[in-house]
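I opened my notebook for a look through this structure. Here is what I looked up, entry by entry.

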Amino acid sequence: NEGALWGARFASGPSPELAALSRSTHFDWQLAPYDIAGSHAHATALAAAGYLDEDEARRMHAGLDALGTAVADGSLQPAPTDEDVHGALEAALIREIGPDLGGKLRAGRSRNDQIATLVRLYLLDHSRTIAREILRVIDALVSQAESHPDAIMPGRTHLQHAQPILLAHHLQAHAWPLVRELERLRDWSARASVSPYGGGALAGATLGLDPQLVANELGLSRPAENSLDGTSSRDVVAEFAFIAAMIGVDLSRLAEDVILWNTREFGFVTLDDGYSTGSSIMPQKKNPDIAELARGKSGRLIGNLAGLLATLKGLPIAYNRDLQEDKEPVFDSIVTLEVTLPAVAGMMATLHFHTDRMAELAPQGFSLATDVAEWLVKRGVPFRDAHEISGALVKVCEQNGIELDAVTDSMLAAVSPLLSPEVREVLTIEGSVASRTGVGGTAPVRVAEQRVELVARATEA
Ligand code: ARG
């Protein structure tokens, strides 16, 4: 096979079973543009070290450019006999510029240092797309918060009514984890921006090629410090898979809220028609499929991370062929996020909120009881006693079938002489929310400040 990268020491070619198992072109062909970029950089290093003269270097780069064009327009495809992207491209280069010159490119590099570099280039590229799409989800959450600056909803712990909060506060609580994902991607990219090229198969180079030159050509910051580590570690890939899984979990939690809010029982939101689906049998149905798919796909993203970690566990240093299994899971995570994030952004941007319904439910379930207790504390009552008094007031309300905002003066007085009618200033959801002015609290003034900080952090990342 003219494209094979090895064979001289073998009496026979690969068996069909081996070839079928070994072949990776059906997924690593996506790396072809990066492989070609790596070859350009490597050719530059070969020329700088005197292994290619000026004319050879020019023809080599021209040949690689021709390959780049053919890959981009689809006219170059891997042959069924090609083992991987590296072999397919070397065979194509040899067809393009002949075996004498084409055969020189492989000097001083191995598929092991190549693949370790290419996967980083691929992930760095896609991390930028994913960051852009995360920003769109953050934008959607922030604009909804901005459009509903005063809307109050029931805040829940254990899914039970707890304390009234601003809808904007809740929406921004979903935006902060995404801001941290942007920061994680930025921090990760500093670690990913290292070039294993020049490490060879495992032991490093003899030919005096400049690995910093290669790193510079590829837009990476520096060569790997250890050729064994550079060619055989995949923690950078696993870390990316973790960030992808974490983004999936963030989206899943947001999706779960949307699904609940969209039930008839909650009635907090209506989904835009363009971002919801129908049923093949029930004509009336309008389903939150985007949210459900986002929630479902988080399982897949977690699985990709778990599978990759299991592959890496127990691998001896240095390169082992198991490492070929790093690509499909992380490629899948990328495809999954690149299709999920835009749909979630659109769903959130077009969501219609029923703020009257939220406000109606916000004081229910005695959600102002903490406000009563803290009102007493401000008047010198020990919190332990205040908690008891407020609890007793809740019991009276329950017995009378009313909420805290409907208590009469005589009920207040009967529970405790400390409960003067002025306590009513905190017995409204507006009063309750406005009083939570502590750092990070739900008071409208704090939530507006928080939004400015959130947008600044998202823009910085
Ligand atoms: N296709 C391999 C991978 O994705 C790279 C080739 C290394 N092959 C080898 N026999 N050393 O990791």
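**Ligand site.** I kept in mind that this is a predicted model. I listed the residues surrounding the ligand and found Ser-24, Asp-28, Asp-84, Arg-111, Asn-112, Ile-115, Tyr-319, Arg-321, Leu-323 and Gln-324. Helix α7 (residues 111–147) supplies the largest share, with 3 residues.

**Helix pair.** Next I looked at α3 (residues 32–48) against α5 (residues 85–97): their axes are 10 Å apart and the packing angle is about 60°. The two helices are therefore oblique to each other. I also noted that the crossing of α3 past α5 is right-handed.

**Backbone spots.** Most peptide bonds are trans, and most residues other than glycine have a negative phi. I found a cis bond from Ile-317 to Ala-318, with omega near 25°. Ala-318 sits in the loop between α12 (289–312) and α13 (327–349). His-158 has a positive phi, near 55°, and belongs to the loop joining β1 (152–157) and β2 (160–166).

**Annotated stretch.** In an unreviewed entry, UniProt gives residues 366–434 as "domain: Argininosuccinate lyase C-terminal". I checked the chain there and got 59% helix and 0% strand, with the end C-alpha atoms 18 Å apart.

Terms used. Residues numbered from 1 in each chain as written. Predicted model: local features only at pLDDT ≥ 70, side-chain atom pairs only at ≥ 80, totals over all residues. Near = placed C-beta within 6 Å. Helix = DSSP H or I, 4+ residues; strand = E, 2+ residues; numbered from the N terminus. UniProt positions renumbered as here; feature names shortened; annotations may be inferred. Axes fitted to C-alpha atoms, helices over the stretch in contact; angles between N-to-C directions. Parallel < 35°, antiparallel > 145°, perpendicular 65-115°, else oblique. Left-handed = near helix turned anticlockwise from the far one by under 90°.
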